[in-house]
Amino acid sequence: MLYIDVPLTVRYAETDRMGIVHHSNYPVWFEVGRTEFIKQSGISYSRVESLGIMLPLLELHCKYINSSTYEDNIIVRTSIKSYSKARLNFKYEVFKSDNMENPITTGETSHVWTTCDLKPINLQKHFPELYEIIEKAARDD
């Protein structure tokens with residue numbers, strides 16, 4: 001799986017007084033893409049957490065290139081940018097569905113694999129089956 005696309009329609013509550021999507025919504029949309037990416041990779045976030053593993057956010061970067069407005073149909077494209085035994089980094093592109101050539105926003109998030117008490121872990125060592133899922137999802141098979 002190289003990437004997944006999640007379609008969304010901009011809701012009125014997501015716009016500001018100018019009728020433009022408020023910048024605070026893009027990280028929420030990134031989370032929607034990330035959650036769906038993990039699910040389509042073969043394991044859900046809730047299953048990961050039931051194993052006693054967390055994936056807290058370390059960094060978030062977002063570049064606003066163009067705007068979106070109420071009722072725009074958008075696509076949140078999510079892929080794994082990089083991964084290691086302890087970290088997982090995602091890349092996001094948000095497009096208007098009628099223009100998949102020019103993203104309106106791009107972003108990245110960096111996460112670390114931890115125990116429930118937020119101690120970092122080596123995912124490959126402690127949960128090799130989950131590491132294999134991530135490794136497979138990051139490849140272009």
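1. Leu123 and its contacts. Outside the four places on either side in sequence, Leu123 is in contact with Ile53, Lys85, Trp113, Pro128, Leu130 and Tyr131; contact means heavy atoms within 4.5 Å. This is a predicted model, in which local features need pLDDT of at least 70 and side-chain atom pairs count only at pLDDT 80 or more, while totals for chains, interfaces and linings use all residues. Residues are numbered from 1 along each chain as its sequence is written, and side-chain values use heavy atoms, with hydrogens and water left out.

2. The core. Leu123 is one of the residues with the most contacts inside the largest nonpolar core, along with Trp29, Ile53, Val94, Trp113 and Leu130. That core has 30 residues. A nonpolar core here is a set of buried Ala, Val, Leu, Ile, Met, Phe, Trp, Tyr and Cys residues joined through side-chain atoms within 4.5 Å. Buried means under 20% relative accessible area, exposed over 50%, and partly exposed in between, with a 1.4 Å probe and protein chains only. Two or more residues come from each of E1, H1, helix H2 (45–50), E4, E5 and H4. H1 gives the most, with 5 residues. Helices (H or I, at least four residues) and strands (E, at least two) are DSSP runs, numbered from the N terminus.

3. The sheet. Five strands form an open sheet in the order E1-E4-E5-E6-E3, with antiparallel pairing. Strands E1 (4–9) and E3 (57–64) are the edges, each pairing on one side only. Neighbouring strands are turned by 20 degrees against each other on average, direction ignored. Axes are lines fitted to C-alpha atoms, for helices over the stretch in contact, and angles run from 0 to 180 degrees between N-to-C directions.

4. Strand pairs. Two strands pair if DSSP finds at least two bridges between them. E1 and E4 run antiparallel and are joined by 6 bridges, with Asp5 opposite Arg77 in E4. E4 and E5 are also antiparallel, over 9 bridges; here Val76 stands opposite Val94 in E5. A hairpin of 3 residues joins E4 to E5.

5. Aromatic pairs. The structure holds 7 aromatic pairs. Rings of Phe, Tyr and Trp (its six-membered ring) pair if their centres lie within 6.5 Å; planes under 30 degrees apart count as stacked, over 60 as edge-to-face and the rest as tilted. Phe37 and Phe90 have ring centres 5.8 Å apart and planes at 80 degrees, so this pair is edge-to-face. The pair links distant parts of the chain, with Phe37 in helix H1 and Phe90 in strand E5, 53 residues apart. Both residues, Phe37 and Phe90, are buried. Ring pairs also link Phe30, Phe37, Phe90 and Tyr92 into a cluster.

6. A charge over a ring. The charged end of Arg77 sits over the ring of Tyr3, 4.0 Å from its centre. The criterion is NZ of Lys or CZ of Arg within 6 Å of the ring centre and within 35 degrees of the ring normal.

7. Thr114 lies in strand E7 (residues 114–115) and counts as buried because its relative accessibility is 1%. Beyond four places in sequence, Thr114 touches Gly52, Ile53, Met54, Pro56, Lys119, Pro120 and Ile121. Leu51 is in the loop between H2 and strand E2 (53–54) and is partly exposed at 26% relative accessibility. Leu51 touches Ile43 and Phe127, again not counting residues up to four places away.

8. Backbone points to check. Most residues other than glycine have a negative phi. Glu71, in the loop between E3 and E4, has a positive phi of about 70 degrees. Leu118 also has a positive phi, of about 65 degrees. Leu118 sits in the loop between E7 and helix H3 (123–126) and is exposed, with a relative accessible area of 55%.
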